[in-house]
Amino acid sequence: MLYYAIKLAISVFVLVAITEIAKRSALFAALVASLPLTSLLAFIWLYCDGAPAVQIAELSSRIFWLVLPSLLLFLLLPLLLKHGLGFWTSLTLSSAITALAYLGLMMLLRFSGIRL
């Protein structure tokens, strides 16, 4: 149980640190947030849990494909906000379009013979 508490504390610390950094420097917070910290933590936790290297490699390759549609969120959200839409509306629309992009990519990959 202590192991899970440590994993949770480290993971939460990363998220809180990014939001606190953002209050002082949007650029530095963006730099930290753009690092694949979540993925790195997942790889570390899997390794510490004794997962085989093949499982970690498989996760890494699936993350690669799924990062592509997620980039749409980071393009749409600021665009919608700059055009005067409210925060929640912009977040909802950009998230919904990103979700559709995930579905589209998954269908395209399946059609291309790439299996996630």
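1. R24 forms a salt bridge with E20, and their closest N and O atoms are 3.9 Å apart; a salt bridge here is a side-chain nitrogen of Lys or Arg within 4 Å of a carboxyl oxygen of Asp or Glu. Both R24 and E20 belong to helix α1, where they are four residues apart, about one turn of the helix. Helices (H or I, at least four residues) and strands (E, at least two) are DSSP runs, numbered from the N terminus. R24 is exposed at a relative accessible area of 67%, whereas E20 is partly exposed at 32%. In these terms buried means under 20% relative accessible area, exposed over 50% and partly exposed in between, with a 1.4 Å probe and protein chains only.

2. The model is predicted: local features need pLDDT of at least 70, side-chain atom pairs count only at pLDDT 80 or more, and totals for chains, interfaces and linings use all residues. Residues are numbered from 1 along each chain as its sequence is written, and side-chain values use heavy atoms, with hydrogens and water left out.

3. E20 also has a salt bridge to K23, with 2.9 Å between the closest N and O atoms. K23 and E20 are separated by about one helical turn because they stand three residues apart in helix α1. K23 is exposed, its relative accessible area being 62%.

4. In helix α4, E58 and R62 lie four residues apart, about one turn of the helix. Their salt bridge brings the closest N and O atoms to 3.1 Å. Both residues are partly exposed, E58 at 39% relative accessibility and R62 at 31%. Elsewhere, salt bridges that share partners join E20, K23 and R24 into one network. The count of salt bridges comes to four.

5. How many aromatic pairs are there? The count is three, where rings of Phe, Tyr and Trp (its six-membered ring) pair if their centres lie within 6.5 Å, and planes under 30 degrees apart count as stacked, over 60 as edge-to-face and the rest as tilted. F87 and W88 make an edge-to-face pair, with 4.9 Å from centre to centre and 75° between the planes. F87 is partly exposed at 43% relative accessible area, while W88 is exposed at 63%.

6. The largest pocket holds about 760 Å³ of space. On a 1 Å grid over the protein atoms alone, a pocket is an open set of points where a 1.4 Å probe fits, with protein on both sides within 12 Å along at least five of seven lines, and lining residues have an atom within 4 Å of a point. The volume is the space filled by probe spheres set on the points, which are joined across faces, edges and corners.

7. Which residues lie nearest the centre of the largest pocket? They are A33, S34, L35, T38 and F74, out of 27 lining residues. Helices α1 (2-24), α2 (26-34), α3 (37-48), α4 (53-82) and α5 (87-112) each supply at least two residues of the lining, and α4 gives the largest share, seven residues. The lining divides into 20 nonpolar, seven polar and no charged residues.

8. The unreviewed UniProt entry annotates residues 5-22, 28-47, 59-81 and 87-109 as "transmembrane region"; such annotations may be inferred rather than shown by experiment. In the model, residues 28-47 are 90% helix and 0% strand, with their end C-alpha atoms 29 Å apart. Residues 87-109 are 100% helix and 0% strand, and their end C-alpha atoms lie 32 Å apart.

Note on methods
Nonpolar A, V, L, I, M, F, W, Y, C, P; charged D, E, K, R; others polar.
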